[in-house]
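Please read them with the structure open.

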Amino acid sequence: MGKGAGSLSTQSSSTAAAATSSQPISDGVLKKIVVAYTYVAIWIFLSFTVIVYNKYILDKKLYNWPFPISLTMIHMSFCASLAFFLVRVLRLVDLPSAMSTSLYISSVVPIGALYSLSLWLSNSAYIYLSVSFIQMLKALMPVAVYSIGVLLKKESYHSNTMLNMLSISLGVAVAAYGEARFDTWGVTLQIGAVAFEATRLVLIQILLTSKGISLNPITSLYYVAPCCLLFLSVPWLVVEYPLLRETSSFQFDWVIFGTNSLCAFALNLAVFLLVGKTSALTMNVAGVVKDWLLIAFSWSVIRDTVTPINLFGYGLAFLGVAYYNHAKLQGLKAKEAQRKVEGGGAGADHDEEKGRLLPDRDGDKRGDQQK
């Protein structure tokens with residue numbers, strides 16, 4: 001009798017599971033998926049546009065305006081002005097009440113200095129390297145973030161994770177070995193940009209997030225962009241200003257630089273919307289798609305040389321990054337499960353659902369903003 005009851009129970013649960021799996025997706029869930037992927041598409045488009053646009057302006061064979069500090073300062077001036085207008089005039093965004101003068105000097109100023117160096121070096125790299133190879137070098141971002149996190153005691157050292165970081169580094173090294181237009185100075189600039197950006201991301205966690213202060217892209221630009229302008233003005237006066245004075249034939253193209261700056265600002269908003277409506281994990285997965293699209297565009301349209309060794313090396317790095325982010329996803333799920341056990345409630349369910357809209361990858365912020 002017990003056996004028959006068990007069979008009946010199993011059959012009922014199977015029937016219920018089949019009925020559940022056969023149910024159509026509700027309109028609410030479908031709407032969330034459509035909205036999430038719309039934000040993903042917007043972010044990919046804007047990030048793609050900013051990168052290609054910057055390459056077009058800086059490359060000596062294209063628009064031929066090789067002044068990366070000046071271009072970064074134009075971006076920062078535009079973004080700072082627009083952020084000030086949105087915050088102070090339209091009052092669309094509230095500033096964090098905990099932001100004092102001392103906190104600004106001790107936390108925001110060093111972050112602004114690192115951000116200015118990261119943007120300066122990354123934009124400079126476009127003069128010497130192809131778009132495709134720069135995207136391959138950017139795969140080192142998780143390696144830099146993890147390594148600096150360990151050095152600053154923000155991350156715990158794990159031998160398995162370090163082996164994973166070494167596999168990513170090996171893949172990038174193979175891609176560099178196969179690069180047809182390898183330029184040592186360009187690679188040095190891009191690796192420097194990755195290092196500064198990774199340090200900035202870690203310091204944001206240490207100096208701001210740990211103190212309960214979170215900045216969205218508009219408030220970030222409101223606070224950070226003036227710092228960037230201040231720090232960039234020193235090398236600009238020494239390096240680029242004398243050259244620009246000698247270029248008497250140069251006329252500021254308001255259409256080119258205006259639309260370029262507008263795209264850079266829109267990218268910041270897209271990052272905010274993408275992470276706010278989905279998750280940082282979704283943005284990282286979208287970053288993988290964007291990287292492959294840029295490599296394909298660089299090869300097919302710009303006619304940059306992409307060798308089989310390039311692709312093989314980047315493929316290795318990509319697998320390493322994917323595994324790293326898969327491990328991070330499992331870690332997040334474990335934490336959410338623990339929160340549920342401890343009474344985390346509906347908020348945990350909501351965060352977990354957001355993380356599942358697109359599965360896997362890491363990076364920052366990437367730091368494709370204005371790059």
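1. Burial and basis. Of the protein's 371 residues, 47% count as buried, where buried means under 20% relative accessible area, exposed means over 50%, and partly exposed lies in between (1.4 Å probe, protein chains only). This is a predicted model, in which local features need pLDDT of at least 70 and side-chain atom pairs count only at pLDDT 80 or more, while totals for chains, interfaces and linings use all residues. Residues are numbered from 1 along each chain as its sequence is written, and side-chain values use heavy atoms, with hydrogens and water left out.

2. Secondary structure. The protein has 13 helices and zero strands; helices (H or I, at least four residues) and strands (E, at least two) are DSSP runs, numbered from the N terminus. Along the sequence the pattern reads α-α-α-α-α-α-α-α-α-α-α-α-α.

3. Contacts and surface. Among contacts with a separation of 6 or more, 86% are between residues 24 or more positions apart; contact means heavy atoms within 4.5 Å. The accessible surface of the protein is about 18,500 Å², and 66% of that belongs to carbon and sulfur atoms. Areas come from the Shrake-Rupley method with a 1.4 Å probe, and for residues only the protein chains shown count as cover.

4. Helix H3. After H3 comes Arg91, which has a positive phi, near 55°.

5. Salt bridges. The count comes to four, a salt bridge being a side-chain nitrogen of Lys or Arg within 4 Å of a carboxyl oxygen of Asp or Glu. One of them joins the side chains of Asp59 and Lys55 at 2.8 Å, N to O, and both Asp59 and Lys55 are buried. Lys290 also forms a salt bridge with Asp291, with the closest N and O atoms 3.8 Å apart; Lys290 and Asp291 are both buried.

6. Glu197 and Arg200 meet through their side chains at 2.7 Å, N to O. Both residues lie in H8 (residues 184-207), three residues apart, or about one turn of the helix. Are these two partners buried or exposed? Glu197 counts as buried because its relative accessible area is 0%, and Arg200 is buried at 9%.

7. Nonpolar patch. Phe84, Phe85, Val89, Leu90 and Leu92 make a nonpolar surface patch of about 490 Å². Patches are made of residues with over 30% relative accessible area and no salt bridge; like charges are joined within 9 Å, and nonpolar side chains (Val, Leu, Ile, Met, Phe, Trp, Tyr) within 5 Å. Phe84 sits in helix H3 and is partly exposed, with a relative accessible area of 45%. Leaving aside neighbours within four places in sequence, Phe84 is in contact with Val89 and Tyr222.

8. Aromatic pairs. The whole structure holds 14 of them. Phe84 and Tyr222 form a stacked pair, 6.3 Å centre to centre with 10° between the planes. This pair links distant parts of the chain, with Phe84 in helix H3 and Tyr222 in helix H9 (residues 217-246), 138 residues apart. The C-alpha atoms of Phe84 and Tyr222 are 6.0 Å apart in space. Tyr222 counts as buried, at 15% relative accessibility. Trp292 and Phe318 form an edge-to-face pair, 6.1 Å centre to centre with 80° between the planes. That pair also links distant parts of the chain: Trp292 is in helix H11 (residues 280-300) and Phe318 in helix H12 (residues 308-341), 26 residues apart. Trp292 is partly exposed at 31%, and Phe318 is partly exposed at 28%. Rings of Phe, Tyr and Trp (its six-membered ring) pair if their centres lie within 6.5 Å; planes under 30 degrees apart count as stacked, over 60 as edge-to-face and the rest as tilted.

9. Aromatic cluster. Which residues form one aromatic cluster? They are Tyr56, Tyr63, Trp65, Phe67, Phe252, Trp254 and Phe257.
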